[in-house]
Amino acid sequence: MRRRWLIGGAAGFLARLRRDQRGNTLAMMAAMMIPLAGLSGSAIDMGRLYTVKSRLQQACDAGVLAGRKFMIDSNSSTLDTAATAQANAFFTNNFKAGWYKVSSVSFTPSKTSDNQVSGTATATVPMTIMAMFGIGSKAITVACQAQYDVADTDVVFVLDTTGSMACLPADSDDDCSTYVGQQVSSNAIVKYSRPGDSALGASSGSVNSSVPGYPGSIGFYVPEKSGSRIAALRTAVVNFYNTLASTADASTHIRYGFVTYTSTVNAGRAVMDISPSYMVGGSGNALKTWAYQSRKPTGDYVLSSSTTTRSASSSANCATSAIARNPSTLYTYNSSGQATETKAVYDTSKSPNCTMTAYTYGPVWTYQPVSFDVSNFLTTASVDDPSRVDNGTAQWQGCLEERNTSGGTSTFDSNALPADLDPDLIPDATSATGATSWRPMWPEVIYGRNYDGSSTTYGSTANTTSNGDTTNIATALSYFNYAQSGIQNYLLRAGWAVCGKPIRRVATMSQADVTNYVNASDFRAIGGTYHDTGMIWGVRLLSRLGIFASDNQSWPGRLPPNRVIVFLTDGDMAPSLAAYGMYGVEYFDKRVTNGSYANQKAYHNARFLAECSKAKKMNVSVWTISIAPSVTTEMQQCATTSAQALYTTSGGDLSAKFGAIAKQVAMLRISK
């Protein structure tokens with residue numbers, strides 16, 4: 001009975017258990033706890049592995065980027081010590097020891113055969129929940145590589161080549177002024193013949209024989225001190241080229257352009273190569289003449305006379321004349337700038353009865369603006385000087401007078417700039433006024449008048465002697481020519497009318513091209529400092545809408561190139577009312593000041609900053625470098641950012657500054 005009851009009871013219990021499912025969940029959970037724990041642990045530990053690997057990759061990338069940036073030895077087959085240290089430091093800063101209890105962390109940077117930096121990073125990640133299932137720690141390995149890569153880039157160097165660049169970097173303004181003045185007064189300024197340059201602005205390197213740049217025209221420069229600023233500049237420019245070239249891969253396109261500036265810019269060949277119609281007097285331009293502060297003969301005066309007598313048989317026999325002219329016209333002067341005439345008086349009451357007086361005449365000059373035809377001046381090697389009556393000649397060296405501007409203002413709208421500040425404006429060759437055309441500088445026909453050394457004592461417009469032709473400096477400073485005769489030995493030495501090295505349009509250049517440009521015999525220091533002249537032409541070279549647009553367009557199938565201006569100077573703006581430059585002679589022409597002479601420097605600075613603003617609006621990255629104890633406000637404002645306004649007081653440091661800019665121009669990126 002008892003056994004039957006036990007069997008029956010058990011069957012009843014199971015039946016009841018089957019019917020009552022309230023306890024089944026607990027049993028099932030207990031049975032599935034182990035596989036659920038495995039799945040959860042796998043998700044948690046796999047998430048940790050993924051997070052650690054991502055951070056390890058980031059740290060590896062940071063390490064090789066730093067290693068490539070700080071790599072200084074490009075010749076060794078192994079990574080240099082400095083680069084290795086920086087790579088390790090950046091890796092460590094981005095992957096802290098003990099993070100997620102990771103162990104056995106290592107990072108090994110190395111140098112690749114193509115001068116880049118690669119790296120391998122490893123770390124061991126401990127398992128947590130999965131460790132209960134007998135799964136041990138996992139090792140993670142990542143690889144990385146960095147290289148400097150340069151996007152297609154156009155770089156224009158705008159370089160101060162004024163007289164002070166011949167001084168030492170450490171020379172004070174006073175020391176440098178004294179030195180330059182001594183070179184002028186002691187006649188130590190060097191006179192040289194300009195070289196023949198096969199690429200004076202032409203992007204193709206070809207020479208157009210109808211435009212200026214002929215070898216043999218005369219230039220001057222201040223003798224350079226050993227270790228001068230301009231010598232340091234030459235080295236720095238070549239260093240920039242080498243630094244940038246070493247970062248570029250084979251597919252990168254880099255082009256360079258050069259603008260050397262003083263009170264003007266030698267851009268004539270570059271403009272004429274694009275179109276002679278852009279110049280007043282050029283083929284296709286409606287205007288053939290331009291007015292210069294010059295002189296013209298308006299009368300004759302007697303230089304000397306001598307009288308002799310003789311006997312004559314008749315009045316006709318007595319009458320002798322060496323030159324015949326209409327009394328209302330001027331004499332025809334000979335190659336010495338003189339005219340002669342002999343007048344005879346027949347008087348029978350006297351014995352001898354024939355009195356002959358020989359007269360030597362000189363011209364009476366009126367000093368004022370005079371319009372001259374410039375068409376032959378642009379297209380021939382040498383022309384007669386129309387401001388002289390002797391056999392004086394002139395040859396265009398390529399420097400320009402600017403097109404029309406708005407004078408007497410320090411406020412400019414970047415959306416409505418005057419013609420000379422608008423880098424996109426194409427000249428209107430049909431204009432009868434030449435408002436948007438450039439004009440050739442012609443120092444041989446420029447004359448000052450009644451100037452005694454101060455800025456306010458220019459006087460009358462006429463005189464009755466030939467002071468403009470004198471070789472006496474004291475007299476010549478009353479009425480003086482800027483480029484002729486004996487005066488040339490003073491005024492051009494003093495930098496009153498200079499024409500520097502021709503600009504170089506934006507083009508692909510080799511290291512030899514760059515080296516030859518900055519080491520040419522006409523890459524010299526002389527003249528005064530006008531920052532606006534250099535910046536105006538630097539921005540013009542990079543305009544994709546202006547006359548040089550064809551030079552800086554994108555390569556086929558590629559994005560537009562980055563554009564960079566590297567602007568170097570050794571001083572503050574220093575315009576002169578008496579110098580003849582890109583805006584004529586300011587005291588007379590008043591093109592910048594509109595007669596408000598006291599504001600001349602402020603107006604030039606405003607023009608400079610207006611052009612800097614235009615460059616930045618065009619997405620041109622502007623760097624300024626000053627060889628000075630500090631950076632001026634204008635150089636800081638001109639640069640794209642405050643970090644791009646640099647200065648140096650040593651020649652050796654200048655090369656390092658240029659190298660630093662080149663590295664910033666290059667774009668560092670992860671390649672793998």
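A: Start with exposure: buried means under 20% relative accessible area, exposed means over 50%, and partly exposed lies in between (1.4 Å probe, protein chains only). Glutamate 224, with a relative accessible area of 24%, is therefore partly exposed. This is a predicted model, in which local features need pLDDT of at least 70 and side-chain atom pairs count only at pLDDT 80 or more, while totals for chains, interfaces and linings use all residues. Residues are numbered from 1 along each chain as its sequence is written, and side-chain values use heavy atoms, with hydrogens and water left out.

Q: What pLDDT does the protein chain average?

A: pLDDT is the predictor's confidence in each residue, from 0 to 100. The protein chain averages 82, and 81% of the residues score at least 70. Helices (H or I, at least four residues) and strands (E, at least two) are DSSP runs, numbered from the N terminus.

Q: How many disulfides does a search of the whole structure find?

A: A disulfide is a pair of cysteine sulfur atoms within 2.5 Å. The search finds five. Counting bonded cysteines along the chain, the pattern is 1-2, 3-4, 5-6, 7-8, 9-10.

Q: Which parts of the chain does the pair of cysteine 60 and cysteine 144 link?

A: The sulfur atoms of cysteine 60 and cysteine 144 are 1.8 Å apart. Cysteine 60 is in helix 2 (residues 24-69) and cysteine 144 in strand 3 (residues 138-149), 84 residues apart. Both cysteine 60 and cysteine 144 are buried. The torsion about their S-S bond is about -65°, so this disulfide is left-handed.

Q: Is the link of cysteine 318 and cysteine 354 left-handed or right-handed?

A: Right-handed, with 85° about the S-S bond. Cysteine 318 lies in helix 7 (residues 315-318) and cysteine 354 in strand 10 (residues 354-373), so the pair ties together parts 36 residues apart in sequence. Cysteine 318 has 1% relative accessibility and counts as buried; cysteine 354, at 0%, counts as buried too.

Q: How many salt bridges does a search of the whole structure find?

A: Side chains of opposite charge can pair when their charged atoms come close. A salt bridge is a side-chain nitrogen of Lys or Arg within 4 Å of a carboxyl oxygen of Asp or Glu. The search finds 13.

Q: Where does the pair of glutamate 224 and arginine 524 lie?

A: In glutamate 224 and arginine 524, the closest N and O atoms are 3.4 Å apart. Glutamate 224 is in the loop between strand 6 and helix 5, and arginine 524 in the loop between helix 11 (511-518) and helix 12, 300 residues apart. Arginine 524 is partly exposed, at 23% relative accessible area. A network of salt bridges links Glu224, Arg234 and Arg524.

Q: Is aspartate 551 buried or partly exposed?

A: Buried, with a relative accessible area of 7%. Aspartate 551 forms a salt bridge with arginine 505, with closest N and O atoms 2.8 Å apart. Arginine 505 is buried at 6%.
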